[in-house]
Amino acid sequence: MENIQHFQILWCGLIYILFLGYALLDGFDLGVATLLPFLGGNKKDKDTLIASIGPVWDGNEVWLITAGGALFAAFPHVYATAFSGFYLAMMLVLLALIFRAVSMEFRANDPARTGFWEKTFVGGSALAALLFGVALGNVIYGVPLDDRMEFAGSFFTLLRPVPLVFGVTGLAAVILQGASWAVMKTEGDLQARSFKAVRILTGINVVTATIYFVMLIATFPRLSGNVLFYVAIVFTCAGLIGLFFSLRKKNDAAPFWESSFSFIGLFLAASAAHFPNLITASNDPNLSLTIYNSSTGLYTLQVMAVIALIGMPIVIGYTIFVYRLFKGKAKADDHY
Amino acid sequence: MDALLLARIQFAFTIGFHFLFPAMTLGTALVILISETLHLIKKEDVYRRITDFFARLLGLIFVIGAATGIVMEFSFGTNWSEYSRAVGDIFGPILAAEGVIAFFLESVFVGVLIFGRKRVSAKVYWVAALMVFLGGHLSAFWIIVANSWMQTPAGYEISAAGKIVLNSFSDAVFNPSTIVRFLHTVLASWVTCAVMVSGIAGYYVRKGLHDQTARTMLKIGVVLFAITPLVQLGAAHAHAIQVINTQPVKAAAMEGHFHTTRGADIYVLGYVDAANEKTYGISIPKGLSFLYNFDFNSEIKGLNDYPKDNWPPLNLVFQSYHIMVGLGMIFIALGLLGALLLWTGKIYTAKWYLFLLPFLIPLPHVAHETGWITAEVGRQPWIIYGLMKTAAASSVVVSAGELIFSLAMFTLVYLLLFVMFILLFVKIIKQGPAAS
């Protein structure tokens, strides 16, 4: 029995890493998209911003698909309860992800309706970024569950203040991620506007992150004894302080890493509040779905571990290779 | 309408729409790999123009495939949560493996294919083409594994608590129908693209557009069009034998075959009257028995050997199957005709054949959609053949009202995607490959 617990903990960690990878990578392209109306002055600037994410967003989204698959494989009850329970919210996530994906392609090939496809691109990206945080907030904060592990709330259960703080904090972090990516990938006026966006967003993130950490410790007093929570705060503080210095020096590469660092801190704090629950039952702690009562069998977890521990380093290897192919400043005519 | 029926309609609609795109992706990746390999070997610019043209089309096809594919991954949790709870041990790892082993590869390198021409060397570009081809086909492999496990489950045991537990991953992956269904599906995709390439190139040649580029494109298309439906005939036959052996009820429904007999007839066209348990139509005496193992008197199990509760909707399965087979035969004939015209050097002036080609483009889609209807409706009433009924698989907390909302949403959004796809597909074809 103890053996399977090791694998349940391993899989909890791996799924967190997959979702974190998704947050950092798709985070910057959702963020760039959300900022399009603010940063992209003319069509050429917008083309440049989209060109900076065009070759990589597809691969970034696979982190979500793989995280979802891993959740299904390791903790099927969590996957089943959350996805069916949050049905309408999940449909909105899908709507947002569909539009943000196709809009780039349609915008490039359908000049008559550029404006429309920009709106769906921006709206889809921002909505997706917001909803992911709200969903995570709900499973951590807790939702009503029945004794068959089924969700017993409604759509409006999902919109309580605590999960919404998660959503807004995540959205702010995603947009900062996008702005700092834009700083790294652009030049001239566009870069100057991106620097300004990073400055404003760093300020916003100081506020949202502070509210988020205070809310966490107030909601989950047990966190005061959790080392990971303090490590998380250090990560986020270090990232945001680093951003202030990088902005002064007009360093165009460091902000992206500092923003990522700050985002990792937010994520670690969430995981500290979460573990070992995966979906907290707000009505009765005994009904919570934990990593221990919602997982698949030992053999499945072992097979999956072999696939992931061999496969993911290879994935990360060729992902770095492809990012290096596209390193340097993006050009408007990189876009087809 | 009840929630179960709505969930089934939504799944059928969203998966049917999604499959149009991966069916084009795999074949397009093959054509790109062929033309880019020729480009690397022969160093002729015409192949580069062909690659670039299809990479542009791939960009459009792939993005809609990816966007509608994520809906499918979510749908097991959103709409089929009881299924997900029951099969997490087996179905989950297969989907996760698809992500780690296949879809990452395809998605990461598709960016290079579409955006990387000016940034990378010819060799790196070729590697990207190879990786997209491999990633796409591996992705198809894992998805077919998942679906085949639902058709012919293996590698599991039922635990004391009544749960489905994985006991051999390799048996689950290589279950009795995986390999033959993978080949059948991949070949269907290659046929789809062979016809698409031939259709586009045929239009160019007939209109006198794009000179050498169009003629080379036509040659690639027609050669594939001649070969792939023929190879498919072999794979299809092997698949049919597998269905007769492992899913006899489905096989009997496909053929409208009620009574277990030796020397069973095969229907070329017909109609199944399920209520009166009779099939009407044009049949070839003893044809079915002959095709089963090349013995006119082999025994074929009929539907009457099985309880009526376990029959799928008979006429739908019968008609879908026969439409698919009929189209397959047409593809074989027209592909061979194209090869003959190419061999005799008459194809570039055979106006009627060139005129016909573009109109064929939708037909392979009809064939693979009806093929999937045969496979999936033919499995009913089971979601996992012999193990779990579809009626027990849907989400218990999702109401009919929520399903009406989501079904309306997908209908509107997919209609928009479909219209945009057709408009942009035609537009890219009209713009054509770069001038020489």
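Predicted model: local features only at pLDDT ≥ 70, side-chain atom pairs only at ≥ 80, totals over all residues.
**Entry 1**

Next I listed the residues that make the contact. Those of α5(A) include Y87(A), M90(A), L94(A) and E105(A). Those of α2(B) include G59(B), L60(B), F74(B) and T78(B). Contact needs C-beta atoms, placed from the backbone, within 7 Å. The residues of this contact divide into 15 nonpolar, three polar and one charged. Nonpolar covers Ala, Val, Leu, Ile, Met, Phe, Trp, Tyr, Cys and Pro; charged covers Asp, Glu, Lys and Arg; the others, Gly among them, are polar.

**Entry 2: ground rules**

I count residues from 1 along each chain as its sequence is written, and chains are lettered from A and ligands numbered from 1 in the order in which they are written. Local features need pLDDT of at least 70 and side-chain atom pairs count only at pLDDT 80 or more, while totals for chains, interfaces and linings use all residues. Helices (H or I, at least four residues) and strands (E, at least two) are DSSP runs, numbered from the N terminus.

**Entry 3: the whole interface**

I then checked how the chains meet. In total, 54 residues of chain A are in contact with 59 residues of chain B. On the chain A side, α3 (57-74), α4 (76-85), α5 (87-109) and α11 (298-325) each give two or more residues. That side has 35 nonpolar, 14 polar and five charged residues.

I also looked up the scores. The model has ipTM 0.91 and pTM 0.93. Chain B has a mean pLDDT of 93, and 100% of its residues reach 70 or more. pLDDT is the predictor's confidence in each residue, from 0 to 100.

**Entry 4: chain A as a whole**

I found eleven helices and two strands in chain A. Its radius of gyration is 20 Å, close to the 20 Å that the globule rule gives for 336 residues, so chain A is as compact as a globular protein of that length. The radius is taken over C-alpha atoms, and the rule is 2.2 Å times the number of residues to the power 0.38. Buried residues make up 59% of the chain. Buried means 20 or more other C-beta atoms within 10 Å of a residue's own, exposed 12 or fewer, and partly exposed in between, with C-beta atoms placed from the backbone.

Helix α2 (residues 43-53) of chain A has nine of its eleven residues buried, so the rest of the structure largely encloses it. Among them are D45(A), K46(A) and D47(A).

I found a cis peptide bond between F275(A) and P276(A), with omega about 0°. P276(A) is in the loop between α10 (254-274) and β1 (277-279). Chain B has a cis bond too, joining Q380(B) and P381(B), with omega about 5°.

Is M149(A) buried or exposed? It is buried, with 20 C-beta neighbours inside 10 Å. Its phi is near 70°, a positive value in a residue other than glycine. K250(A) has phi near 55°, also positive. K250(A) is exposed, with 11 other C-beta atoms within 10 Å.

Note on methods: Contact = placed C-beta atoms within 7 Å.
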